[in-house]
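Keep the model open while you read.

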Amino acid sequence: MRRPTLVAPPLVRDHVAGGDRSTRALIDLDAFEGNVRLIRDLVRPGTDVMAVVKANAYGHGAVPISRAALRAGANSLAVATVDEAAVLRDAGIADPIALLGAIDLSEATRALRLGLEVTVGSVELLDALAAAARVVPLPKPAAVHLKVDTGMRRYGVLPEEAVALARRIDRDPLLDLAGVSTHFSSADDIEERPAIEQAVRFDRCLATLREAGIAPFRAHVANSAAALRSRRFDYDLVRPGIALYGLPPSRDIPLPLGIRPVMSIRSRVARVVPLAAGDTVGYGRTYAAERQEHAVLVPIGYGDGYRRGLSGLGWVGIAGRRAPVRGRISMDQTVVSVPDGVAARVGDDVVVLDGDPQWGAPDATTLADLLGTIPYEVVTGIAARVPRHYLRGGALDAVVVPGAGKVGRSHDPDPL
Ligand SMILES: *Cc1c(COP(=O)(O)O)cnc(C)c1O
């Protein structure tokens with residue numbers, strides 16, 4: 001069998017810099033940018049793209065991913081917390097950043113200082129924001145989005161409360177009603193009707209707002225699933241997250257041709273672990289070899305986000321073949337059995353997660369199915385201690401260990 005070669009180039013850089021751990025996440029910025037452009041071309045002309053980069057860009061690294069999104073034509077960014085937005089502002093990103101959900105009332109001042117677009121989903125937050133706007137010097141009225149709950153029962157004001165809140169925002173000289181939004185409970189379901197029903201409720205709410213003379217503002221509803229399934233949900237801007245990372249929102253919503261996965265998890269064999277018949281592997285002795293096995297140690301564990309639930313279930317790719325996990329996954333180490341005919345040695349490449357089946361490794365959706373979860377949780381759960389290696393134009397652009405910052409780079413003087 002042809003042995004596939006890894007795309008990661010040899011690391012030519014200062015090895016005292018750190019981030020040289022064999023377990024690492026490769027982040028393909030070209031794939032990410034291609035995905036942003038594809039979504040931008042998919043939506044109706046004139047529809048803006050707000051790239052959702054919450055939770056450290058779904059584990060892919062907020063700063064480099066945000067820069068890539070903007071480079072590829074995203075009009076704005078969205079995060080979940082004020083702290084996440086502050087990381088982007090600290091990195092010098094001055095583009096519009098929206099906060100998608102509830103923030104603590106005490107954070108209103110900081111949000112305005114950072115020039116963030118706050119999403120108001122309660123009277124209390126609007127009160128706090130209006131008060132904060134009177135304290136923080138604002139170059140222009142603060143952009144506010146009003147979130148309407150059309151069926152999700154999570155964040156947002158009920159449609160019948162929307163006019164009163166929108167009017168308050170509209171009339172406040174220090175606030176600007178930039179957007180009115182809602183969020184779907186099941187846009188990723190095979191059954192489209194619940195999303196349509198929510199959209200109809202949202203349309204009725206928009207009509208009431210316009211009848212009340214509240215305009216202009218930009219309406220938005222679409223997460224990835226909604227944006228992928230129908231132009232009905234475009235409105236003035238779309239808010240894709242998961243699809244930009246090359247992952248499908250669900251098994252029912254296939255990705256369009258050309259969308260490519262962005263993250264791959266790689267490691268290297270740290271030790272050969274010969275198993276004789278009767279040997280047990282790892283904590284709890286949950287696996288006993290029935291015959292002689294060629295097993296190897298991979299330095300990855302649940303402390304890296306390689307979830308313990310994959311014990312006895314998961315597999316990695318070695319030389320393009322499946323190498324099943326033996327015994328329990330520990331915090332930092334996992335033992336896998338190398339298939340017959342493969343002579344794995346220390347330093348050999350191990351592919352832990354990859355969207356391309358040629359490596360013999362599961363993709364994020366397969367890992368999610370094994371764990372009874374969704375690919376969102378798999379990639380978001382990749383721990384901070386896993387160095388992120390950013391690839392661009394087929395070369396290594398930069399290495400970031402979240403928490404330690406940028407630790408290495410190749411050709412680009414400021415790739416991040
Ligand atoms: C996370 C989020 C999105 C993006 O959802 P995906 O399914 O990842 O595309 C969009 N809108 C809101 C309000 C969100 O919280």
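Which residues form one aromatic cluster? They are Phe-32, Tyr-58, Tyr-245 and Tyr-376. The model is predicted. The count of aromatic pairs comes to five.

**Phe-32 and Tyr-245**

- The ring centres of Phe-32 and Tyr-245 are 5.5 Å apart, with the planes at 40°.
- Phe-32 belongs to helix H1 (residues 29–42). Tyr-245 sits in the loop between strand E9 (237–238) and strand E10 (263–268).
- Phe-32 is buried, at a relative accessible area of 0%.
- Tyr-245 is buried too, with a value of 0%.

**Phe-184 and Phe-233**

- Here the ring centres of Phe-184 and Phe-233 lie 5.0 Å apart and the planes meet at 65°. An angle over 60 degrees counts as edge-to-face, so this pair is edge-to-face.
- Phe-184 is in the loop between strand E7 (175–181) and helix H8 (193–211). Phe-233 is in the loop between helix H9 (224–229) and E9.
- This pair also links distant parts of the chain, 49 residues apart.
- Phe-184 and Phe-233 are both buried.

**Charges over rings**

- Arg-266 places its charged end over the ring of Trp-359, 4.8 Å from the ring centre.
- Arg-322 has its charged end over the ring of Trp-315, 3.7 Å from the centre.

How values were computed:
Residues are numbered from 1 along each chain as its sequence is written. This is a predicted model: local features need pLDDT of at least 70, side-chain atom pairs count only at pLDDT 80 or more; totals for chains, interfaces and linings use all residues. Side-chain values use heavy atoms; hydrogens and water are left out. Rings of Phe, Tyr and Trp (its six-membered ring) pair if their centres lie within 6.5 Å; planes under 30 degrees apart count as stacked, over 60 as edge-to-face and the rest as tilted. Helices (H or I, at least four residues) and strands (E, at least two) are DSSP runs, numbered from the N terminus. Buried means under 20% relative accessible area, exposed over 50%, partly exposed in between (1.4 Å probe, protein chains only). A charge sits over a ring if NZ of Lys or CZ of Arg is within 6 Å of the ring centre and within 35 degrees of the ring normal.
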